[in-house]
Amino acid sequence: MATGFFRVPTPVNEPVKSYAPGSPEKESLLRTYKELKSKQLDVPMYIGGDKVYTDNKQPMLQPHDHQHILGHFSEGDASHVEQAINAALAAREDWANMSWEHRASIFLKAADLLAGPWRDRLNAATMLGQSKNAYQAEIDSACELVDFLRFNVHYMTEIYQMQPESSPGVWNRMEHRPLEGFVFALTPFNFTAIAGNLPSCVAMMGNVVVWKPAHTQIYAAHMIMELFREAGLPDGVINLVYVDGPTTGDVVFGHSDFAGIHFTGSTGVFQNIWKTIGNNIHKYKSYPRIVGETGGKDFILAHRSANAKALATAISRGAFEFQGQKCSAASRAYIPSNLWEEVKGYVIEDLKSFKMGAPEDFSNFINAVIDEKSFDKIARYIDGAKESNEVEIIAGGNYDKSKGYFIEPTVLLSHNPQYTTMCEEIFGPVITIYVYDENNFDDTLELVNSTSPYALTGAIFSQDRYIIDYATKKLDQAAGNFYINDKPTGAVVGQQPFGGARASGTNDKAGSMLNLLRWVSARSIKETFVPPVDYRYPFLGENK
Ligand SMILES: NC(=O)c1ccc[n+]([C@@H]2O[C@H](COP(=O)([O-])OP(=O)(O)OC[C@H]3O[C@@H](n4cnc5c(N)ncnc54)[C@H](O)[C@@H]3O)[C@@H](O)[C@H]2O)c1
Ligand SMILES: N[C@@H](CCC=O)C(=O)O
């Protein structure tokens, strides 16, 4: 059999298209958007080689126009989860034995399809189903997913190249085996790229997967599955089911072949999953890999030396892009008293210029939040602020769900640094600001570090290099992604490996070698060329 030591193409980040007025990409995307919007899809689950339809049809809505249905998905039950596990296990041997370069080819082809003919379709699906504007959909569902696929293939080869030393007469080798069993990918609503990455990077390493997306992301999720199939992913390697979370969890976490979970979502759900796995630990063949990236309460801390305009821009973009429905969105800010009036002026000016509405109008910066449950939760936080005498509403504060789930970008000013919205994740377009005495930077650093249980992202703004150095050291455990003079969001694959610690997750850095290492189990092999033929140590003979 002919073979070689193959080098994969060097990955570079997929360029982000502008969708500027009159651009060909804008025209082409809008055409696809309108085409998809005009029809209703009947979306199946994908189990083994089958597209599985059930009688339990659930609507897929547009968050910005909830009476407009995009189609229906077939909801499954526990029996479908069992079938998906069986299909995965049946596919395991062939997939695990496929030469790595062919696994790589499938995902590199998926990346090229997505960068080319599939780009508009996945972007339009993300705009329609998750209410992202064109630019944010482009960053997420096109560029970030393309980057995940290409960079992960590259990291995979780096892992395979990790080999031990050998001594004379011996050749030591290390194999990076897929896990024994199946892996469960449980994905959130807010990023199409994350939904695509969680099952695919696990499969890339030779594993088989059962994938359950959030119900509100199924519209784009099924297109990702179609993309992988077109790229040549064999049947049964990734099995996509639409079953409610607890029912899926009961079947998956009770199965002896459960080998790991790749999760992104909220902290509470992840902590419950961890407990369930702990309680069932005696049932499994191996200790399951538990990888979870979860919630955040991401901060901006400004020093009195900060540039007020840059700081205000970081607040406007960092808190409100994608309606704050980003794990990394800035949701608490600590501003020194000397800068507050100026910063407030810029932020209010920015917010006045924001347009809110459906994504098909490309001039809308703000779209809708994902569903009624999220809308009601965010509205409750805003109502709480209206009633509190510890908080003022500086901007926004209105909401309306009559047509779509629209919440005005809202800036709260809290006089209490421990007020609820300074501590809890809201996951919506709300930022709370605490203005501190400009001479009290040290105490404020401590406040930032200790106020919330999360440690996902954070930013320091200062023009003073001693302060930047000092804050970077003091806040070393406060954020897994730390930004200097930039908004605490918008991590790019290959540039800022992403993930947080404390209650924000296991910090296995999505889109990096660190993450992929969790999906392999190394086997060390020692081969001795001329084995000894006498058991005695040399000195045993001399003592006679
Ligand atoms: N740290 C990160 O990288 C990152 C990235 C994106 C989103 N997030 C977090 O995700 C959350 C928003 O996403 P979401 O609302 O989809 O999260 P979620 O926790 O509600 O849902 C995530 C997934 O878990 C499933 N699920 C929910 N309850 C379950 C249960 N009891 N048992 C089993 N499965 C269950 C959901 O159906 C979904 O597929 C936020 O907290 C955000 O911070 C984190
Ligand atoms: N890569 C993204 C992660 C978003 C999570 O929801 C960011 O940093 O903005």
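Analyst: Let us begin with a rule for helices: the expected span of a helix is 1.5 Å times one less than its number of residues. Please keep in mind throughout that this is a predicted model.

User: How do you know whether the length of α4 agrees with that rule?

Analyst: The twelve residues of α4 should span 16 Å at 1.5 Å a residue, and because its end C-alpha atoms are 16 Å apart, the two values agree.

User: And what span should helix α2 have, and how far apart are its end C-alpha atoms?

Analyst: Helix α2 covers residues 78-97, and its 20 residues should span 28 Å, while its end C-alpha atoms are 30 Å apart, which agrees. There is also a kink in α2, of about 40° and centred on Ala-91. Ala-91 is one of the buried residues of α2, among them also His-80, Val-81 and Trp-95. The elements that cover these buried residues include the strands β2 (45-47) and β7 (182-186) as well as helix α8 (245-252).

User: What makes α4 largely enclosed by the rest of the structure?

Analyst: A residue is buried if 20 or more other C-beta atoms lie within 10 Å of its own. Eleven of the twelve residues of α4 are buried, so the helix is largely enclosed. Among these buried residues are Arg-119, Leu-122, Met-127 and Gln-130. Ser-131, which follows α4, has a positive phi near 55°.

User: Why is α1 called oblique to α4?

Analyst: Helix α1 (residues 24-37) and helix α4 (residues 119-130) pack at an angle of about 60°, with their axes 9 Å apart. Angles under 35 degrees count as roughly parallel, over 145 as roughly antiparallel and 65 to 115 as roughly perpendicular, with the rest oblique, and therefore α1 is oblique to α4. The contact includes Leu-29, Tyr-33 and Leu-36 on the side of α1, and Ala-124 and Leu-128 on the side of α4. The crossing of these two helices, α1 and α4, is right-handed.

User: Why are α4 and α7 described with another word, and what is that word?

Analyst: The axes of α4 and helix α7 (residues 218-230) come within 8 Å and cross at roughly 160°. An angle over 145 degrees counts as roughly antiparallel, and α4 and α7 are therefore roughly antiparallel to each other. Here α4 passes α7 in a left-handed crossing, and the residues that meet include Ala-125 and Gly-129 in α4 and Tyr-219 and Met-223 in α7.

User: Is Ser-524 buried or exposed, and how do you know?

Analyst: Ser-524 has 9 other C-beta atoms within 10 Å, and since a residue with 12 or fewer is exposed, Ser-524 is exposed. The residue lies in strand β23 (residues 520-528), where Ser-524 touches Pro-164, Asn-172 and Met-174, leaving aside residues up to four places away in sequence.

User: What makes Arg-502 partly exposed, and why does Lys-509 count as buried?

Analyst: Arg-502, in strand β22 (residues 501-502), has 18 other C-beta atoms within 10 Å and is therefore partly exposed, because that class lies between the limits for exposed and buried. Lys-509, in the loop between β22 and α16 (513-516), has 23 C-beta neighbours inside 10 Å and so counts as buried.

Key
Residues are numbered from 1 along each chain as its sequence is written. Chains are lettered from A and ligands numbered from 1 in the order in which they are written. This is a predicted model: local features need pLDDT of at least 70, side-chain atom pairs count only at pLDDT 80 or more; totals for chains, interfaces and linings use all residues. Helices (H or I, at least four residues) and strands (E, at least two) are DSSP runs, numbered from the N terminus. The bend at a residue is the angle between axes fitted to the seven residues ending there and the seven starting there. Two residues are in contact if their C-beta atoms, placed from the backbone, lie within 7 Å. Axes are lines fitted to C-alpha atoms, for helices over the stretch in contact, and angles run from 0 to 180 degrees between N-to-C directions. A crossing is left-handed if the near helix is turned anticlockwise from the far one by less than a right angle, and right-handed if clockwise.
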